[in-house]
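Student: I've just opened this one and could use a quick tour. Can we go through it together?

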Amino acid sequence: MIRVMVVDDHPIVRAGIVGLLDTEPDFAVVAEAASGEAAVELVAETAPEVVLMDLRMPGMGGVAATREIVRMGSVGDAAGAPPRILVFTTYEDDDQILAAIEAGASGYLVKAAPAEELAAGVRAVAAGQTVLAPSIAAQLVARASGIDRERPGAGSPGGDPGPGLTPREHEILGLVASGLSNPAIAARLTIGESTVKTHLLHVFEKLGVNDRTRAVTRAMELGLL
């Protein structure tokens with residue numbers, strides 16, 4: 001069972017999300033929160049694997065709550081790893097998207113998404129994958145393209161060489177951006193999963209990031225994807 005917390009300040013909306021999740025046999029909603037502060041407190045008590053996080057709420061918003069949850073980790077997890085945060089909101093503002101990802105969110109879906117997309121997103125995030133709604137991915141690509149136009153030659157052979165990713169690192173980063181997990185990447189490239197992890201650690205270091213989601217968005221910003 002995937003343990004899920006739902007964070008949304010609108011009671012009816014929250015109840016609807018919980019109702020959708022309850023129809024999935026492999027989900028268990030272990031907590032509900034109406035604010036960022038309550039979410040941070042309940043994470044320590046209920047140890048969810050995935051937190052569905054709204055962004056705009058009274059008091060502590062979703063970005064601040066995401067940052068705090070990622071920082072504190074999940075009590076009860078032997079590895080001390082925090083739950084994965086899947087932003088689920090009506091807002092598609094570029095700055096909000098990047099702020100949430102930079103805070104540590106593993107995915108970003110909009111509430112207009114169909115129920116099956118939400119369920120698939122929860123499962124993917126729980127499995128360690130990155131999830132971006134198509135409209136969100138398109139915005140990030142457009143934003144990255146805008147940055148490229150402001151910096152002609154960025155990411156191109158004749159321009160700024162950027163962080164100097166090797167061809168294999170670039171290939172693996174592209175597969176991460178397409179939503180593949182480490183085992184799936186290893187199978188696709190016929191290499192060991194430990195090799196994939198090593199390459200990703202090098203990518204993180206070169207891009208100055210700490211996770212897969214931010215690596216993808218940073219690569220887009222630099223015109224590498």
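Student: What follows H10, and what is its phi?
Tutor: H10 is followed by Gly-223. The phi of Gly-223 is positive, near 75 degrees. Helices here are DSSP runs of H or I with at least four residues, strands are runs of E with at least two, and both are numbered from the N terminus. This is a predicted model, where local features need pLDDT of at least 70, side-chain atom pairs count only at pLDDT 80 or more, and totals for chains, interfaces and linings use all residues. Residues are numbered from 1 along each chain as its sequence is written, and side-chain values use heavy atoms, leaving out hydrogens and water.

Student: Why is H10 called largely enclosed?
Tutor: Nine of the ten residues of H10 (residues 212-221) are buried, so the rest of the structure largely encloses this helix. Buried means under 20% relative accessible area, exposed over 50%, and partly exposed in between, with a 1.4 Å probe and protein chains only.

Student: Which residues of H10 are buried?
Tutor: Among them are Arg-212, Arg-214, Val-216, Met-220 and Glu-221.

Student: And where does Ser-181 lie?
Tutor: Ser-181 is in the loop between H7 and helix H8 (182-189). Ser-181 is buried, with a relative accessible area of 14%. Leaving aside neighbours within four places in sequence, Ser-181 is in contact (heavy atoms within 4.5 Å) with Gln-129 and Arg-212. Arg-212 is also one of the buried residues of H10.

Student: You mentioned H7. At what angle do H7 and H9 cross?
Tutor: The axes of H7 (residues 167-177) and H9 (residues 193-207) cross at roughly 95 degrees and come within 9 Å. Axes are lines fitted to C-alpha atoms, for helices over the stretch in contact, and angles run from 0 to 180 degrees between N-to-C directions. H7 and H9 are therefore roughly perpendicular. Angles of 65 to 115 degrees count that way, under 35 as roughly parallel, over 145 as roughly antiparallel and the rest as oblique.

Student: Which residues meet there?
Tutor: From H7, they include Ile-172, Leu-173 and Val-176. From H9, they include Val-196, Leu-200 and Val-203. By class, the contact of H7 with H9 has seven nonpolar, two polar and three charged residues. Nonpolar covers Ala, Val, Leu, Ile, Met, Phe, Trp, Tyr, Cys and Pro; charged covers Asp, Glu, Lys and Arg; the others, Gly among them, are polar.

Student: New topic, the sheet. What is the strand order?
Tutor: The sheet is open, has six strands in the order E2-E1-E3-E4-E5-E6, and pairs in parallel. Two strands pair if DSSP finds at least two bridges between them. The edge strands are E2 and E6 (131-132), each pairing on one side only.

Student: How many bridges join E1 to E2?
Tutor: Six, between E1 (residues 2-7) and E2 (residues 27-33). From E1, the chain crosses through helix H1 (residues 11-22) to E2, and this β-α-β crossover is right-handed. That term applies if, with the strands pointing away from the viewer, the path from the first strand over the helix to the second runs clockwise.

Student: And at the other edge?
Tutor: E5 (residues 107-110) and E6 pair over two bridges. Gly-107 has Val-131 in E6 as its bridge partner.

Student: Where is Thr-66, and is it buried or exposed?
Tutor: Thr-66 is in helix H3. Thr-66 is buried, with a relative accessible area of 1%. Beyond neighbours within four places in sequence, the contacts of Thr-66 include Met-53, Ile-85 and Ala-100.
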